[in-house]
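I set out to record what I looked up in this structure, one entry at a time. The sequence and the model come before my notes.

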Amino acid sequence: MIDAYIAGGTNAQRVTIALEETGLAYQVKKLNFQAGDMKKPEYLKLNPTGRMPTIVDSDPKGGDAKGGPFVLTQTVAIMLYCADKAGKLLGSDAQSKARVHEWLMFQATDLSPGMGFAFMLAERAEPKIPQARPLIKERVLGLYKFMDDQLGHSKWLAGDQFSLADILAFPMAETFEHDKFAEFKHITRWRKDVAARPAVERGMKAAA
Ligand SMILES: N[C@@H](CCC(=O)N[C@@H](CS)C(=O)NCC(=O)O)C(=O)O
């Protein structure tokens, strides 16, 4: 059984969708952000960064858990662990695996930092720097254009097979300003295809 410590939001959705798509047994341990659950000593033992998500796999070897529970943090690492454990969502040969990794990296090192910094500069910095928004938005839109082109010639991000790359991208695409996606027809088609998957629907609900 995997305990998934989450408090809602896109990273939580990524984890619960990955868990639903892999079919691994899991339960949600809901953290209350406002109540400071992520800074409480018992949670900090699991995740010293005081952030979420975190998973605890009480059955790490698929057997009798002789090695004790396995604690893991970092959204992408958790997704990779679940996919690896279930033998799903990662591609079937060296090349398809590399494609999945390529699109995971695109998001983890290009898209997410761009969107994260835009939010920090424009909303959280003191003083706020709203003039940073258009600059970063332009960069993010450039990256989404690249993603749109890819989805113009393949059903899923990394090719013919639905993969972790789609799961990583979907929650962020759902929060982006959708009027900006009007020119990105393929992303719009892909968002519908991803949302229609029963496991995705269950994962989104589980993280709500
Ligand atoms: N790189 C980490 C980021 C974790 C992270 O920043 N989580 C946010 C929510 S998405 C959080 O817990 N923030 C609470 C805080 O910073 O106090 C991951 O992917 O898991």
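Entry 1. Which residues in α4 meet which residues in α5? I noted first that the model is predicted. On the α4 side I listed Asp-110, Leu-111, Gly-114, Met-115, Phe-117, Ala-118, Leu-121 and Ala-122. On the α5 side I listed Ala-132, Arg-133, Ile-136, Lys-137, Arg-139, Val-140 and Leu-143. I sorted the residues of this contact into 10 nonpolar, one polar and four charged.

Entry 2. I then looked up how the two helices are arranged. Helix α4 covers residues 94-124 and helix α5 covers residues 132-153. Their axes lie 9 Å apart and form an angle of about 165°. Angles over 145 degrees count as roughly antiparallel, so α4 is roughly antiparallel to α5. I recorded the crossing of α4 and α5 as left-handed.

Entry 3. I turned to the domains. The domain assignment divides the chain into domain 1 (2-88) and domain 2 (94-201). Their centres, taken over C-alpha atoms, are 23 Å apart. Domain 1 gives 11 residues to the contact, and domain 2 gives 10 residues. On the side of domain 1 that touches domain 2, α1 (10-22) and α3 (75-86) are the elements that give two or more residues. The largest share of that side, seven residues, comes from α1. I counted six nonpolar, two polar and three charged residues on that side of domain 1.

Entry 4. Finally, I looked up what surrounds the ligand. I found Gly-9, Asn-11, Met-38, Gly-50, Arg-51, Met-52, Pro-53, Gln-74 and Thr-75 around the ligand. This shell divides into three nonpolar, five polar and one charged.

Conventions:
Residues are numbered from 1 along each chain as its sequence is written. This is a predicted model: local features need pLDDT of at least 70, side-chain atom pairs count only at pLDDT 80 or more; totals for chains, interfaces and linings use all residues. A residue is near a molecule or strand if its C-beta atom, placed from the backbone, lies within 6 Å of it. Ala, Val, Leu, Ile, Met, Phe, Trp, Tyr, Cys and Pro count as nonpolar, Asp, Glu, Lys and Arg as charged, and the others, Gly among them, as polar. Domain bounds come from an automatic or database domain assignment. Two residues are in contact if their C-beta atoms, placed from the backbone, lie within 7 Å. Helices (H or I, at least four residues) and strands (E, at least two) are DSSP runs, numbered from the N terminus. Axes are lines fitted to C-alpha atoms, for helices over the stretch in contact, and angles run from 0 to 180 degrees between N-to-C directions. Angles under 35 degrees count as roughly parallel, over 145 as roughly antiparallel, 65 to 115 as roughly perpendicular and the rest as oblique. A crossing is left-handed if the near helix is turned anticlockwise from the far one by less than a right angle, and right-handed if clockwise.
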